[in-house]
Amino acid sequence: MHALKGGCSIVGKMAIVLAFSGGLDTSFCVPYLREKYTEEVFTVTVDTGASVEKEVLQACSRELGAKEHFHIDARTALYEDHLKFLIMGNVLRGGVYPLCVGAERVVQAREVVRIARQIGARAIAHGSTGAGNDQFRFDSVIQLLADDMDLITPIRDEGLTRQYTTAFLHERGFSVPEKTTQYSINDGLWGITIGGRETLDTIDPLPDEAYPNTVPPSKAPNSGITLHIQFEEGLPTALDGHTMEPVQLITELATIGANHGIGRDIHVGDTILGLKGRIGFEAPAPLILITAHRELEKLVLTKWQRYHKDQLSDFYGMLLHEGQHFDPVMRDIEAFLISSQHVVTGSVSVRLCKGMIAVQGCKSPYSMFDTGIATYGEETALWDGRDARSFCMLNGLQAYLAHKARSKQ
């Protein structure tokens, strides 16, 4: 791997920088670009939590014929720029999917542009198809930050299938693992997405073997486990009393959750192009964190804070999913989210058992659950029955007046 300092070019002639994951499509792109453009190809892997070791990716890049490979650890950047806002917002697309991929692509594209500028490349390439969402995410960042460079997208531009790219690599003596063709896997800090035959329709579930990390819930330990998660101003800071950096905490939760069958699901949603899409995923850490964080918010925020926050968070997640991270409204919503989290401090006990997540309880110094004022449904200290009667009448006044007026018609 090559380390760069400053902004000096290390390229002696025209070159292409390729966003490289080591998967089928980007592996195909290396020899394809070299043959078609007769230029040097530099590969860049931006590590946002994938389990593939950097030495393996470097060796793969070299074998495919790349001039040089760059490996960028962007896990902390992913958390600081994106994931913390998804936690603050309890963002689950369609109430299910924790946006495992969308945020990663922004970070990856940004780092690929940085490397392209530093080595003096004339073009940037990525392996996205013309049917999926990733093309928009990569293109929007490259257009914004590198509009003076050419953008090359062979899979999209030529409508190439996975069968074609597999055959192309085989013909040139490169091996392709069978599962790479059967399932498209994206592995990251915030979870794993899985595409394959079953996700092309809406009928069949993914088989157990399609999920790479999680234990099938039926085979998870019967005893389960209870975790204690500490939050400070809306963000997780400790697990079971042990203070951890965010990336470490998320990684630890992912491992624990996977061992208990947590995080498997399938999401059906709207693609950026307007089509319906279906994707499998396993995401133990975000589902545990969001479940715990949401419950803590119920304890410390007013109902109107939570109501408006839910609307903005859903909108924020949609824009991030659709490649709109750089729209200024995103910074406005982030400012709102940060403001809303000043009192979201406390600890949450979460029970994991055979694929299920259940909050056991939570506490906070900012709790609005005040038994000194009232016991729900029984006694009160701030009002009496006469006050309650009057409030009930006023609370239903609008509906009463509307009913009365319309009954005359």
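This is a predicted model: local features need pLDDT of at least 70, side-chain atom pairs count only at pLDDT 80 or more; totals for chains, interfaces and linings use all residues.

User: Thanks! What does E35 form with R172?
Analyst: A salt bridge, with the closest N and O atoms 2.7 Å apart. The term stands for a side-chain nitrogen of Lys or Arg within 4 Å of a carboxyl oxygen of Asp or Glu. This pair links distant parts of the chain: E35 is in helix α1 (residues 24-37), R172 is in the loop between α7 (162-171) and α8 (178-182), and they are 137 residues apart. Helices (H or I, at least four residues) and strands (E, at least two) are DSSP runs, numbered from the N terminus. R172 is partly exposed too, with a relative accessible area of 32%.

User: How many salt bridges does the whole structure have?
Analyst: A search finds 25 of them. One of these joins the side chains of D150 and R122, at 2.8 Å from N to O. D150 sits in strand β5 and R122 in the loop between α4 and β4, 28 residues apart. D150 is partly exposed at 40% relative accessible area, whereas R122 is buried at 18%.

User: And how far apart along the helix are R331 and E334?
Analyst: They are separated by about one helical turn, because they lie three residues apart in helix α12 (residues 328-340). R331 is partly exposed at 32%, and E334 is buried at 9%. Elsewhere, salt bridges that share partners join E104, R105, D134 and R137 into one network.

User: Switching to sheets, what is the strand order in the open sheet of five strands?
Analyst: The order is β3-β2-β1-β4-β5, with parallel pairing. Two strands pair if DSSP finds at least two bridges between them. β3 (68-73) and β5 (150-152) stand at the edges with a single partner strand each, so one side of each has no neighbour in the sheet. From one strand to the next, the twist averages 25°.

User: Which helix packs on the sheet, touching β2 and β3?
Analyst: Helix α2 (residues 54-64) does, and its direction makes about 155° with that of β3. Contact here means heavy atoms within 4.5 Å. Helix α4 (residues 102-119) lies across β1 (15-19), β2, β3 and β4, running at about 140° to β2. For those angles, axes are lines fitted to C-alpha atoms, for helices over the stretch in contact, and angles run from 0 to 180 degrees between N-to-C directions.

User: Why is β7 largely enclosed by the rest of the structure?
Analyst: Six of the six residues of strand β7 (residues 191-196) are buried, so the rest of the structure largely encloses it. In a regular strand the side chains alternate between the two faces of the sheet. In β7 both faces are covered, with G191, T193 and G195 buried on one side and I192, I194 and G196 buried on the other.

User: Which strands pair with it?
Analyst: Strand β6 (residues 183-188) pairs with β7 in the antiparallel sense over six bridges, and a hairpin joins β6 to β7 through two residues. Strand β12 (residues 276-282) also runs antiparallel to β7, joined by three bridges.

User: Last one: in the largest nonpolar core, which residues touch the most other members?
Analyst: I229, L253 and L289, out of 74 residues in that core. A nonpolar core is a set of buried Ala, Val, Leu, Ile, Met, Phe, Trp, Tyr and Cys residues joined through side-chain atoms within 4.5 Å. Not counting residues up to four places away in sequence, L253 touches L227, I229, L239, P284, A285, I288 and L289. Another core lies apart from it, with 22 residues, among them V41, A123, L160 and F174. L253 is also one of the buried residues of helix α9.

Note on methods: Residues are numbered from 1 along each chain as its sequence is written. Side-chain values use heavy atoms; hydrogens and water are left out. Buried means under 20% relative accessible area, exposed over 50%, partly exposed in between (1.4 Å probe, protein chains only).
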